[in-house]
Amino acid sequence: MLQAAVGLDIGGTNIKAGLVREDGVILYDMMAPTNAEKGKDQLLDSIAEAAASCMEQARNYTNIEVTGIGMGTAGFITLDGAIGSATANLPDWKGTPLRAEMERRLHLPAQLENDVNVLAIGEMWQGAGRGLTDFLCVSLGTGVGGSIITNGHTYRGRSGYAGAFGHQIIHRGGNPCTCGSKGCWEQYASVTALKRQALAAGQPAWADDPRQLFAQAEVGNETAKILIHDYAEFIAIGLTNLIHLYNPPAIIIGGAISEQGDALLRPVRKHIERYTMDGFADHPPLPILPAILGNRAGIIGAAKLILT
């Protein structure tokens, strides 16, 4: 009998769910609306229904046993599996004992992690982090999130909140942040920040779709090249702080923007070479790698919380 787990990636708009075999193969996956605007009870129902759909699919396999439910969601997760804080698009989510609630509803063991920890776990198991037991993962999206992998496990810190890389302050009195502070790294290095920078350069089309920005840079548009150079420098400044703090063996960059690959990471690496002290990112060069699992990372990483 082969073990499998349900992996759930809970976002503000959609819930992605999958049935994942113990070797990392996704046997079934689906997506459903989060329905967060309908309230916490409806959101819990949507999560349970997505998990139940995957469990039902397992019945099509005579040699599969579902051993638990793994979940990843945005925000800070307490050590006992509750929502410590949540994004604005998941109203009334703070304080929800999500792990206990899913165990009660689905009668299986459950685990809960923040979404970037789940991303890092997925990449370590089946993606860019294969063979690595120690690395940092940084996700560039609406904000900037982080994960610390040490000895093959996530380091969660005193209260479970470790990895809030996006809220290191890189500019005293800088741009206001959603956390209430000013000058946080995510106000300069997130995709939201890149879109704001494109608007300031008079390029609303690039703000709507940053892929157009990279396409224009590839054909030699000077404005696009300057924007990417400056954005890469903002990313590198925060990464340099992390490199000097942790001296990591590798860094994995996630989020949809990482699909740009070397078009983004080549200038990031060049800035890091300039900013880091000797020995931290050279001799040999520090691997700074794009995540490769894409939208599957959350499902795979969440399932791996169970398939240990």
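Helix H8 is crossed by helix H5 in a right-handed manner (a crossing is right-handed if the near helix is turned clockwise from the far one by less than a right angle, and left-handed if anticlockwise). The model is predicted: local features need pLDDT of at least 70 and side-chain atom pairs count only at pLDDT 80 or more, while totals for chains, interfaces and linings use all residues. Residues are numbered from 1 along each chain as its sequence is written, and side-chain values use heavy atoms, with hydrogens and water left out. The protein chain is assigned domain 1 (2-121 + 296-305) and domain 2 (131-292), with bounds that come from an automatic or database domain assignment.

**Helix packing around H8**

- Helices H5 (residues 191-200) and H8 (residues 222-246) pack at an angle of about 145 degrees, and their axes lie 11 Å apart.
- Axes are lines fitted to C-alpha atoms, for helices over the stretch in contact, and angles run from 0 to 180 degrees between N-to-C directions; helices (H or I, at least four residues) and strands (E, at least two) are DSSP runs numbered from the N terminus.
- Val191, Leu194, Gln197 and Ala198 of H5 form the contact with Leu227, Tyr231 and Phe234 of H8 (contact means heavy atoms within 4.5 Å).
- These contact residues comprise six nonpolar, one polar and no charged, where Ala, Val, Leu, Ile, Met, Phe, Trp, Tyr, Cys and Pro count as nonpolar, Asp, Glu, Lys and Arg as charged, and the others, Gly among them, as polar.
- Helix H7 (residues 210-218) crosses H8 at roughly 115 degrees, the axes coming within 7 Å, and this crossing is left-handed.
- On the H7 side, Leu213, Phe214, Gln216 and Ala217 meet Ala224, Lys225, Leu227 and Ile228 of H8; the residues of this contact divide into six nonpolar, one polar and one charged.

**The two domains**

- The centres of domain 1 and domain 2, taken over C-alpha atoms, are separated by 27 Å, and their contact takes 13 residues from domain 1 and 17 residues from domain 2.
- About 1200 Å² is buried between the domains, 61% of it on carbon and sulfur atoms; buried area is the accessible area (1.4 Å probe) that two parts lose on being put together, summed over both.
- Within domain 1, Phe76, Leu79 and Val116 lose the most area to domain 2, together 40% of what that side buries.
- One salt bridge is counted between the domains (a side-chain nitrogen of Lys or Arg within 4 Å of a carboxyl oxygen of Asp or Glu).
- A salt bridge joins the side chains of Arg156 and Glu113 (3.5 Å, N to O).

**Backbone features in loops**

- The peptide bond from His283 to Pro284 is cis, with omega near -5 degrees; Pro284 is placed in the loop between helix H9 (262-275) and strand S12 (288-290).
- Asn35, although not a glycine, has a positive phi of about 60 degrees, and Asn35 lies in the loop between strand S3 (26-33) and helix H1 (40-57).
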